[in-house]
Amino acid sequence: MTPSATATPDAAPPPAAAPASPVSGKARRPGDRIFLGLSRGSGITLLVIMAAIAAFLTYRSVLAISGDHANFFTTLDWNATGAEPKFGIAVLAFGTVVSALIAMVIAVPVAVGIALFISHYAPRRLASPLGYVIDLLAAVPSIIYGLWGALFLVPHLSGLYGWLDDYLGWTGIFSYGGGAARSLFTVGILLAIMILPIVTSVSREVFLQAPRMHEEAALALGATRWEVIRMSVLPFGRSGIISASMLGLGRALGETMAVATVLSPSFLIGKSLLDPGGGTFAQNIAAKFSEADTFGQDALIASGLVLFVITLLVNGAARLIIARRKEYS
């Protein structure tokens with residue numbers, strides 16, 4: 001008998017092969033494969049649609065800009081139907097960004113305050129109806145907001161404009177010379193009312209997800225209600241607040257009918273936010289598209305491409321901010 005054939009009584013048996021995973025490789029169930037294919041197809045379809053939109057806007061924009069006899073980015077005029085077309089987006093970009101910023105400055109603090117009240121201060125019998133009313137405001141069509149703004153908000157803002165002129169008119173930004181309150185400041189107030197439900201609803205849901213153990217621990221250490229919110233709720237919901245604000249900003253940048261109903265459009269950049277006039281990308285497209293020829297439509301599409309790029313940049317910046325917050329939290 002050879003030494004290799006002899007077996008010692010203490011020798012351990014060879015390890016058994018590990019069983020194959022039931023959900024890996026070819027053992028995956030048909031339902032998993034179908035769901036994976038549908039999910040992957042949905043993601044690819046979204047990318048294809050975005051690429052097709054960008055390609056269409058870019059192609060038509062190149063046709064328009066190549067025939068523009070003025071600087072597309074700095075010209076304060078829009079005449080795309082003349083013998084020598086001259087048009088630019090300076091007024092539209094200024095009006096879109098300024099009105100959206102005014103809306104964000106007004107809406108975000110109010111929305112966060114309402115969300116905190118509903119989630120941490122209001123009794124349950126009041127919190128549920130109030131949350132329902134806030135969600136209901138998001139379903140109101142924009143044209144209804146526009147009609148309300150034109151028939152009610154504009155006539156009743158002269159007092160506020162006069163007060164701003166009395167106390168802040170020396171800055172030049174809030175000087176008021178009289179007339180109807182159809183300015184970018186009015187548009188900003190109306191947009192703030194429109195985006196308020198979106199920011200409030202998302203922020204409220206984020207605040208409700210704050211860890212209860214952290215809040216209870218802070219209360220056990222003697223913290224007040226505000227200190228609990230400041231140390232536990234707001235840090236947890238910071239990324240959610242940013243996301244909610246970006247959703248509201250997206251609607252403010254692209255709002256059309258409400259702005260077109262309230263604003264008195266003109267291709268002038270006034271020194272004061274209370275001066276009538278101005279314009280936005282969406283309002284200008286809605287007002288001029290029906291009467292524009294093929295080249296005029298290409299010019300409007302070029303302005304739409306700029307709005308498309310601004311929206312992508314805003315959302316990309318928001319994603320970077322949220323990622324950095326998560327990294328250092």
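Predicted model: local features only at pLDDT ≥ 70, side-chain atom pairs only at ≥ 80, totals over all residues.

Reader: Which residues of α9 does α8 meet, and how many nonpolar residues does the contact have?

Author: On the α8 side, the residues are Leu234, Pro235 and Phe236. They meet Arg238, Ser239 and Ile241 in α9. By class, the contact of α8 with α9 holds 1 charged residue, 1 polar residue and, as the number requested, 4 nonpolar residues.

Reader: How are α7 and α8 oriented to each other, roughly parallel or roughly antiparallel?

Author: Helix α7, residues 212-220, packs with α8 at an angle of about 150°, and the two axes are 9 Å apart. Angles over 145 degrees count as roughly antiparallel. The orientation of α7 and α8 is therefore roughly antiparallel.

Reader: Is the crossing of α7 and α8 left-handed or right-handed, and which residues of α8 does α7 meet?

Author: The crossing in which α7 passes α8 is right-handed. From α7, the residues His214, Glu215, Ala218 and Leu219 take part in the contact. Their partners in α8 are Val228, Ser232 and Val233.

Reader: Which residues touch the most other members of the largest nonpolar core, and which helix gives the most to this core?

Author: The largest nonpolar core has 61 residues, and within it Trp78 and Phe185 touch the most other members. Helices that each supply at least two residues include α2 (90-121), α6 (184-208) and α12 (294-328). The helix that gives the most, with 11 residues, is α2.

Reader: Which residues is phenylalanine 185 in contact with, leaving aside its neighbours within four places in sequence?

Author: In soluble globular proteins, nonpolar side chains tend to be buried together. Leaving aside neighbours within four places in sequence, its contacts are Ile102, Leu160, Tyr161, Leu164, Phe174, Leu273 and Leu274.

Reader: Does glutamine 283 count as buried or exposed?

Author: Glutamine 283 has its place in helix α11, residues 281-288. Not counting residues up to four places away in sequence, glutamine 283 touches Val259, Ala260, Leu263 and Pro265. Buried means under 20% relative accessible area. Because its relative accessibility is 5%, glutamine 283 counts as buried.

Technical notes
Residues numbered from 1 in each chain as written. Heavy atoms only, no water. Contact = heavy atoms within 4.5 Å. Helix = DSSP H or I, 4+ residues; strand = E, 2+ residues; numbered from the N terminus. Nonpolar A, V, L, I, M, F, W, Y, C, P; charged D, E, K, R; others polar. Axes fitted to C-alpha atoms, helices over the stretch in contact; angles between N-to-C directions. Parallel < 35°, antiparallel > 145°, perpendicular 65-115°, else oblique. Left-handed = near helix turned anticlockwise from the far one by under 90°. Core = buried A, V, L, I, M, F, W, Y, C linked by side-chain atoms within 4.5 Å. Buried < 20%, exposed > 50% of the residue type's maximum accessible area, 1.4 Å probe, protein only.
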